[in-house]
Amino acid sequence: MKLREIAHSRTGDKGNISNISVIAYDAKHYPLLREQVTSERVKAHFAGVVEGEVVRYELPNLSALNFVMAQALGGGVTRSLALDAHGKSLSSALLDLDIEPGSDDK
Amino acid sequence: MRTIRIGSGAGYSGDRIEPAVELAEKGDIQYLVFECLGERTVALAQQARMKNPEGGYDPLLEERMRAVLPVCGAKGIKIVTNMGAANPEAAARRTAEIAKSLGLSSLKIAAIVGDDVLDACKDGDLPIMEFDGTIKQLGNRLLSANAYLGAEPMAEALIAGADIVITGRASDPALFLAPMIHAFGWAMDDWNLLGQGTVAGHLLECAGQITGGYFADPGYKDVPDLARLGFPIGEVGEDGSLVITKVKGSGGAVTARTCKEQLLYEVHDPRQYFQPDVVADFSQVTIEEIGPDRVRVSGGRGHQRTDTLKVSVGYVDSYIGEGQISYAGPGALARGRLALEIVRERLKLTGVASSELRFELVGVDSLHGAEVSSHANEPYEVRVRVAGRTENLREAVRIGNEVETLYTNGPAAGGGAWKSARDVVAVASVLLPRELAKPQVRFVGA
C-alpha cells in the first residue's frame with residue numbers, strides 16, 4: 001500500500017532546508033512508520049531533489065515523524081529557479097512511498 | 001484562572017482580508033495579530049524605503065486597517081502586527097491618519113524600531129550561516145540586515161497602553177507571545193511558560209493553515225467551505241493552557257490533524273525551536289480534540305534563550321531569466337522534449353552566460369525532476385519551462401527570448417509563450433550578539 005493510506009504530511013521551508021512531517025492517521029500505524037519510513041528511504045525517494053543529508057526526528061506523542069532535508073530547495077527559497085521554490089509539493093510526493101502493510105492491515 | 005483570546009488575522013502579506021473582520025466581530029477576542037512579513041519582504045521593503053522615506057511598510061496596511069479598525073476601536077481589541085516591515089514608524093503614522101479619518105483619534109499607536117542592525121553586522125563582519133562568506137564579502141550587493149526581535153518590546157508597548165503595536169522584523173511567534181506577557185505578566189525567564197506560549201504563537205502565526213488551509217486532500221482529508229475559511233483563535237490561560245478554535249459557522253475545521261501538521265510546519269529539531277525569547281521544546285506536546293473545532297494543545301516547554309539573535313540579511317543574489325511555451329494533443333510530450341533540446345542548444349550556440357539552468361515540462365517533471373516523476377503517463381498537454389541564473393539582466397533576457405523564438409523556429413503548434421527576466425533579492429542569515437540590537441518603543445505623536 002501507499003504511505004498515503006495511513007499517514008498525512010505537510011512540508012515547511014527555511015532557506016535551503018525542507019522539512020516534511022509524516023503523521024499517522026491512527027496511532028496503531030506509528031510503529032510501521034518508524035520501521036519503514038527511514039531517513040535512507042526518504043533520501044532515496046527524493047533522488048535528484050534532495051542533495052544533502054536527511055535527518056529524522058520522532059514524536060511518539062503525536063504518532064509523527066519529522067524529516068529535515070538539507071540542500072533540498074534549489075539553493076534556497078528566495079533564489080531557487082524552481083517553479084515550486086518552497087517545495088510545498090514535496091509532501092504529496094512522499095505519500096507515494098510504498099509501505100509493506102502490518103498483519104492487521106492485510 | 002484568567003484567559004485571553006487571540007485572533008490570527010493574516011498568515012502572510014497578501015492573505016485574505018475579511019477573515020480578520022469576522023474574528024473581530026464574532027470571535028470574542030481581545031487581541032488581533034497580523035503576521036505579514038516574509039523572509040525576504042523586509043529586504044524588498046528596504047529598497048522601497050530608499051526610494052521613498054515614508055514608504056517601506058506593508059502595501060496592504062491601509063486596506064487591512066480600514067477593514068478592522070472600526071470594530072477593533074469599538075470593542076477595544078488590541079492589534080499587534082509586523083506590517084511595519086522596513087519602516088514601522090511611517091506605518092504607525094499612516095495608521096494614525098487612518099484611525100483619525102475613521103473618527104478613532106484616541107487610539108494609541110506604537111512603533112517598535114531597532115530591528116535594523118545593518119551597521120552592527122558590518123562592524124562585526126559576521127559569518128553567513130548558509131554559505132561560505134561574510135557580511136563584508138557581499139560588498140555593495142548587501143541591502144539590509146534585520147534582527148528577529150523578541151516579544152519584550154511589543155509587550156512593553158502594550159503595557160504602556162498601546163492599542164496598536166507595529167513592528168518590523170520580529171519572530172512570528174513573538175507577535176503572539178507579547179499579548180500573553182502583557183495580559184499575564186509572565187516573567188521573561190519562565191522558560192516553560194515562554195515555551196508553551198511559543199507553541200501557541202507558532203500554531204497561530206500562519207492563520208488559515210491550522211483551520212483547514214494547506215490541508216485538504218479530497219477523499220482523505222476533506223475540509224468544508226474553504227472559500228469561507230475561518231481564521232484561528234488561541235484561547236490562552238494564565239498557566240499557558242491552550243485551546244485552538246475558530247468562529248462558529250465559519251468555513252474550515254480545527255482538528256487534531258490540522259494542529260499536528262501545523263505544529264511541525266517549518267520545524268527542524270522539535271526539542272530545539274530557537275526563538276529570541278526562549279529555546280522552545282515541542283517534543284512533549286500532546287494534542288487532544290475536546291469539542292467541535294476545539295483542540296487542546298499542552299506540554300510545550302522551554303530552555304534558556306541563547307546569547308545571539310538571528311539576523312535576516314537581504315542581498316542581490318543574481319538574475320533569473322525564464323521562458324515558457326505550451327504544446328498539446330497527440331505527440332505533445334515529444335514536441336515539448338524537442339523544444340527543450342532546441343533551447344538547450346541555442347543557449348550554447350549563442351553563448352548565453354548562466355551559472356545554473358533548468359529545463360523542464362510543466363505537467364510532467366517540473367516539480368520533482370525526471371527521476372521522481374519517471375512513472376507518469378503521457379499527458380494531453382505540456383508546458384515547456386526553461387529558467388536560468390545569470391549575472392546581469394541582459395543575459396537573463398536572452399533565456400526567455402530563446403523560448404519565445406520557438407514560435408517560428410521550434411516544433412509544430414507551440415502556443416502561449418511567456419517570458420520574464422528579474423533580479424533576485426535573496427536572504428541569508430547571521431547570528432548577532434543579542435546586546436547589539438537595541439529595540440525601542442516609539443509612540444506616534446510622543
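I began with chain B: among its contacts between residues at least 6 apart in sequence, 76% join residues at least 24 apart, a contact being two residues whose C-beta atoms, placed from the backbone, lie within 7 Å.

I noted that this is a predicted model, in which local features need pLDDT of at least 70, side-chain atom pairs count only at pLDDT 80 or more, and totals for chains, interfaces and linings use all residues. Residues are numbered from 1 along each chain as its sequence is written, and chains are lettered from A and ligands numbered from 1 in the order in which they are written.

I then looked up the secondary structure of chain B and found 13 helices and 18 strands; helices (H or I, at least four residues) and strands (E, at least two) are DSSP runs, numbered from the N terminus. I found that buried residues make up 51% of the 446 residues in chain B, buried meaning that 20 or more other C-beta atoms lie within 10 Å of the residue's own, with C-beta atoms placed from the backbone. The C-alpha trace of chain B spans about 70 × 55 × 45 Å along its principal axes.

I turned to chain A, which has three helices and four strands, in the order β-β-α-α-β-β-α along the sequence. In chain A, 50% of the 106 residues count as buried, and its C-alpha trace spans about 45 × 25 × 20 Å along the principal axes.

Last, I checked the interface: 40 residues of chain B are in contact with 31 residues of chain A. Elements of chain B that each supply at least two residues to this side include α9 (256–264) and β17 (415–433).

Definitions and conventions. A residue is buried if 20 or more other C-beta atoms lie within 10 Å of its own, exposed if 12 or fewer, and partly exposed in between; C-beta atoms are placed from the backbone.
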